[in-house]
Amino acid sequence: MQLLWLRNDLRLDDHRGLRRLAESQGAAAAVFILPSCWLQPDCEGLHRLGVAKARYLQQALADLSRRLAPCPLYVLSGDPAELLLQWYRHSPFSLITHEAQAPEEAAWIEQLRHHGVAMTLFSAQTLFEAEQLQPVLAAFPASFSGFRKQVESRLALSVTPPVAATGLEHLTPALCPLPTGIDWPQYSESEQPHPAQVGGESAATGWLRHYLFERQAIAHYKASRNQLHGHYYASRLSAALAWGCLSARRVWQQIDAYEHQHGADEHSYWLKFELLWREYFHWSLRLHGRRVFAAQGLTGRAPSGRHHPGYWQAWCRAQTGWPMIDAGLRELMTTGFCSNRLRQNLASCFIHELGLDWRLGARFFEQYLVDFDVASNWGNWAYIAGTGHDPRHGRRFNPHRQWRQYDPQLEHLHYWLPELGPVSLAQVESHQQGRELLNYPAPLLPLES
Ligand SMILES: Cc1cc2nc3c(=O)[nH]c(=O)nc-3n(C[C@H](O)[C@H](O)[C@H](O)COP(=O)(O)OP(=O)(O)OC[C@H]3O[C@@H](n4cnc5c(N)ncnc54)[C@H](O)[C@@H]3O)c2cc1C
């Protein structure tokens with residue numbers, strides 16, 4: 001029997017593991033295991049599976065289950081290695097699964113190997129295979145630009161065509177000996193997510209086509225990507241990439257196709273540039289493993305973060321008294337998404353204004369972000385904290401300058417904090433410095449202008 005263990009590869013397209021399954025004979029099934037620890041609150045009351053993320057995941061699994069039929073997809077919850085071992089003892093299988101990104105996944109895979117489970121690993125998340133990057137990995141560049149310059153010239157991607165459901169018809173559906181069914185976090189059906197936040201390969205493929213070819217919003221990507229508000233300022237591909245509803249290789253190949261039709265320019269180049277940032281963080285995590293999650297990160301420098309319960313609670317309620325930060329937190333906590341520029345500012349305020357431990361901020365994002373990606377999230381938090389790959393040892397953003405530049409009409413602010421009324425940027429700025437009282441709580445700390 002062949003068992004395909006799915007994690008962040010919830011698709012049929014460009015799926016080397018599924019292709020392998022289709023080429024096999026006999027009994028087969030696919031399984032997704034929701035680690036039960038994702039459903040338990042940690043000591044700060046944070047859950048690894050927030051509501052918006054849970055909705056995306058459920059939709060993605062339902063879509064995949066439809067597309068995989070007649071091959072069954074079982075959705076279980078528990079400790080992945082223990083559940084798979086129970087299944088294995090009941091009816092031995094050969095396991096097909098993608099390479100680990102995080103140390104937690106590597107430990108599960110190791111445990112299974114240790115108990116004799118035969119395994120085929122394939123690459124699902126990254127643009128490159130490890131073999132293609134050997135010289136780069138042997139002396140991993142400390143900065144993104146060092147990495148980018150070396151890998152850009154190596155990009156010869158091979159994308160595997162989708163496996164048609166008919167390609168699985170010769171297999172016998174394997175029965176799962178374990179109880180299925182999960183107590184998912186509840187979400188409201190009435191909330192309409194952004195089309196890119198609808199889970200699953202079908203929705204993601206439609207969004208990619210719409211973004212690139214129908215709307216051609218990539219044509220202004222470099223100029224608009226830093227905006228805070230709107231439908232098309234950036235690609236919104238992150239959730240699909242994080243859960244593997246689209247492969248990074250397929251996205252790259254579709255940008256190539258767009259360039260072939262409409263011509264390459266700085267905008268199409270810049271979207272690829274950002275995909276290389278993702279690639280950089282993925283390989284960094286694979287190489288550096290647990291060090292990425294340590295307080296001192298990759299630098300070994302002692303971090304300055306401390307715990308301040310009052311600040312932390314205000315943050316969790318989106319009541320820091322800094323309207324722009326609270327608006328960003330509201331968006332994140334309501335929709336599971338906010339722009340890259342907002343994420344940078346939220347992280348900068350958390351670390352450099354409130355002086356909180358950057359790792360707590362990263363865990364907070366993990367709960368809420370629908371596109372949570374362990375490598376990109378922890379890599380970006382460490383970058384801003386100055387414990388990661390930033391040659392400038394951290395980024396502290398000046399919120400006033402940021403908002404003057406990226407939301408001068410206060411569109412984002414007015415959308416997310418309607419109770420503020422028609423305030424001007426100057427009024428908000430003086431409130432943030434503690435000088436003028438709007439109809440809004442006082443800032444936790446005055447912000448320097
Ligand atoms: C503190 C912080 C935490 C973050 N956490 C995550 C996370 O958990 N998951 C995640 O996918 N991205 C994360 N990012 C990166 C980035 O903010 C998001 O990828 C981006 O905002 C998603 O929107 P988009 O798809 O429209 O991006 P676009 O601007 O359209 O970019 C296209 C794709 O490139 C990749 N990308 C873009 N910027 C980055 C970046 N800085 N680092 C890594 N990859 C990037 C993403 O896959 C993205 O979908 C984080 C950034 C910060 C500052």
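This report walks through a ligand site and several individual residues in a predicted model.

## Before you start

The model is predicted: local features need pLDDT of at least 70, side-chain atom pairs count only at pLDDT 80 or more, and totals for chains, interfaces and linings use all residues. Residues are numbered from 1 along each chain as its sequence is written, and side-chain values use heavy atoms, with hydrogens and water left out.

Helices (H or I, at least four residues) and strands (E, at least two) are DSSP runs, numbered from the N terminus.

## The ligand and its surroundings

Let's begin with the ligand. The space taken by the ligand is the largest pocket. On a 1 Å grid over the protein atoms alone, a pocket is an open set of points with protein on both sides within 12 Å along at least five of seven lines, and a molecule sits in one if more than half of its atoms lie within 2 Å of its grid points.

A ligand nitrogen lies 3.1 Å from an N or O atom in the side chain of N377. Taken alone, the ligand exposes 810 Å², and the protein buries 97% of that (areas by the Shrake-Rupley method with a 1.4 Å probe; for residues, only the protein chains shown count as cover).

## Backbone details in the loops

Now look at the loops. Between α2 (51-68) and β3 (73-78) you will find P70, and the peptide bond from A69 to P70 is cis, with omega near 15 degrees.

D14, in the loop between β1 (2-6) and α1 (16-23), is a residue other than glycine with a positive phi, near 45 degrees. Is D14 buried or exposed? D14 is buried, with a relative accessible area of 0% (buried means under 20%, exposed over 50%, partly exposed in between; 1.4 Å probe, protein chains only). L410 also has a positive phi, near 55 degrees. This leucine lies between α17 (399-406) and α18 (411-416) and is buried at 2%.

S224 belongs to helix α8 (residues 221-224) and is buried, with a relative accessible area of 5%. The S224 side chain reaches the backbone oxygen of Y233 at 2.8 Å. Beyond four places in sequence, S224 touches Y232 and Y233, with contact meaning heavy atoms within 4.5 Å.

E129 sits in the loop between β5 (118-122) and α5 (134-138) and is buried at 19%. Leaving aside neighbours within four places, E129 is in contact with R16, S123, R249 and W283.

L413, in helix α18, is buried at 1%. Leaving aside neighbours within four places, L413 has contacts including P323, M324 and V428. The C-alpha atoms of L413 and L425, twelve residues apart along the chain, are separated by 9.9 Å.

Note on methods:
A polar contact is a pair of N or O atoms within 3.5 Å; within protein, one must be able to donate a hydrogen and the other to accept it, and residues adjacent in sequence count only if both atoms are side-chain atoms. On a 1 Å grid over the protein atoms alone, a cavity is a set of points where a 1.4 Å probe fits but cannot get out, and a pocket is an open set with protein on both sides within 12 Å along at least five of seven lines; lining residues have an atom within 4 Å of a point.
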